[in-house]
Amino acid sequence: MEKKPSIREMFFEEAEELLEALTEGLGELENDTQNIDVVNAVFRAVHSIKGGAGAFALDDLVDFAHKFETVMDQIRGQSLDIDSDLMRVLHKSGDQLCDLVEAARDDSSFDVNARNNILKELEPYLDEISDDEISFDSLSLEFDAAPIQDFGPISIENCEDDSEYHNKDIYNIRISANDKLYKVGHEPLYLFDQLSELGEVDNCLVASSIPKFNDLEKDYHLIWEIKISTNHQEFEIHNIFEFILDLSDIVISKEVTELTENNFSSENIKTEINENKPTPVHLGESTDISATTLSLNKKTLETKTQKATLRVDLERVDRLINNVGELIINQAMINQCVEKLQLPPTSQIMNEIEEYKLLARDIQEGVMAIRAQPVKPLFQRMGRIVREAAEATGKKARLVTIGESTEVDKTFIERLADPLTHMIRNAIDHGLEDSIGRENSGKNPEGTIHLSAVHRSGNVILEVSDDGAGINRKKVQEKAVAKGLISSDAELTDNEIDNLLFLPGFSTASQVSSLSGRGVGMDVVKNAVQQLGGRISVSSNFGKGSTFSIVLPLTLAVMDGFVISVANQTMVVPISSIIETVAASHDSIHTIGQEERLLFLRGKYIPVINIADSLKLNHPNQQDIKNYLIVKNETFGVCALEIQEIHDQRQIVVKNLETQYCTIPEISAATILGDGKIALILDTDEITRRNFS
């Protein structure tokens, strides 16, 4: 039996979404500091995290979030104006809040000095607010000393004229709080402020059962009666009180006011009333209403939202994907068995097999879509990397993201964080000039890092570009010679020089810093990308900037490939790595020296790699017509892979060899064919590298 997530785990899942909203909101504020809606969204995110953390006694998180929230509240109240310094502090506070949530989730330690430094930066923006200053200026307050059980209907002033509520829903809210609400750090004033953002709050009536003086701290209860007119839906009101459901009794009643025009009346409006729901609190005797009461407790109300989502454990999705992979293998086996029967193409069983094939593919695509996630959370994390790298180097830089909604496999998002981090730090440290240098070059003192994602030709293309000085190819070649990576008399093209950046141990930094100079260069990025089945390339325009491009398959689980024969062994080559296939005669092959061969194709000579030789397999009999796969390697360019035969194009299920066996050079993975045999999947980039390096 599967273990259900605890309330604590659910809080941290919600906190991740709130932190994403926080990061997104701060990014929008940077462009529009006067957007009050964004300010309110950021405030609500911080407040919700604080409220949830208080319920689990996460004191460090609550204390920091409270100060962060206080600053946001002053911005909200227009007592603070956002300038560049405050924006910088808000970004750092958001980053620190992420660290504190992560530390609380993992029960790990956090950098106390970093937190204290940010608190010092927040301190000048914190006003000394006394308890006497907290009031409801727009709300009329009344206290009733009668016991709670005798709390009867309370009349509301200034509600005789209901014309102002037309075309709006009217809700009556009753909140009965206890002392636990305050012990975990909740402030009702903030809840009422959030509520007022949804509509017009006419009155907030407060009643209390006041105990004797000596028992004041032991038993303290307040009851709030609130009336709000709003165009928002009930679930939005519910969300405001989400984190105090266990700390108070809350009842929301929706008024259905009698309409006098168009023959509408309260009798024409059907409302469903649950007999088990509490009796609604009537806020006035002169108004003719019928009420639908909503009771909020641990059983959360199901509400209709514009886009419903379902949170599913990742392990379940992986299990489903594996089963779909087995379904595809089973479909291939059945198809191969039916083909052996040599039935006519128009037979019913052939038609059914074709339908089965299409259905299996649709299921596979649907399941993979479940695992697909937008790159937005990953891109948001890179904003922090840009700020930290810019601060470490003393440069000015900003991040511009494009294609945040592009969806990729969740595995890619998790494993691309480190490569992208390294690339962005490299772009700021090596690519961007300092402010003075940029001004001397006629550029904006603030550099720009572009991070983009797009689907193209069945692949995901990620690009990191900067508007810096570009690659100094002369310096790169000199460094490579000094490190013994190339000979001093080597004649390299611009593309070959650029790709020297990906060699192990290569670095152009003149001294060791916190970001570079230790010989851990772009080869780490290249290896990480290749492990994902992708490739990386670089292009640069000296004086104008550089662009690093990562090409990845849409998924690691299933791919399209060519089934081929090499030395009478069946293998698979991913279609994404193939430019074209060529059947060429022996006359098209030209030999240079003793072993080097070239394929003459459309006026160009392409170097040939014999796969059988590369894999140390016995050669098949020589043929007059040979088959070649034309592939492109980002480092060595276009080459032709000589194979024995091309059998078919089909969808294959990728089986990782590293977890079951070990890493095999020139082999990326394996798959199971329709006849039950295992076929190895070739790594064309590794084959090219090992033959030309």
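## Terms and basis of the model

A crossing of two helices is called left-handed if the near helix is turned anticlockwise from the far one by less than a right angle, and right-handed if clockwise. Helices (H or I, at least four residues) and strands (E, at least two) are DSSP runs, numbered from the N terminus.

The structure is a predicted model, in which local features need a pLDDT of at least 70 and side-chain atom pairs count only at pLDDT 80 or more, while totals for chains, interfaces and linings use all residues. Residues are numbered from 1 along each chain as its sequence is written, and side-chain values use heavy atoms, with hydrogens and water left out.

## Confidence

The pLDDT, which is the predictor's confidence in each residue from 0 to 100, averages 76 over the protein, and 76% of the residues score at least 70.

Helix α2 (residues 36–55) packs on α3 at an angle of about 160°, with the axes 9 Å apart; axes are lines fitted to C-alpha atoms, for helices over the stretch in contact, and angles run from 0 to 180 degrees between N-to-C directions. The two helices are therefore roughly antiparallel, a term for angles over 145 degrees, whereas those under 35 count as roughly parallel, 65 to 115 as roughly perpendicular and the rest as oblique. α2 passes α3 in a left-handed crossing, and the residues in contact include Val-39 and Phe-43 of α2 and Leu-61 and Met-72 of α3.

Helix α3 (residues 59–76) also packs on helix α5 (residues 112–122), at about 25° and with the axes 11 Å apart, so α3 and α5 are roughly parallel. This crossing, too, is left-handed, and among the residues that make the contact are Phe-64 of α3 and Leu-119 of α5.

## The five-stranded sheet

Five strands form an open sheet in the order β7-β9-β10-β12-β11, with mixed pairing, where two strands pair if DSSP finds at least two bridges between them. Strands β7 and β11 (535–541) stand at the edges with a single partner strand each, so one side of each is left without a neighbour in the sheet.

Strands β9 (residues 447–456) and β10 (residues 459–466) pair in the antiparallel sense over eight bridges, and Leu-462 in β10 is the bridge partner of Ala-453.

Technical notes. Contact = heavy atoms within 4.5 Å.
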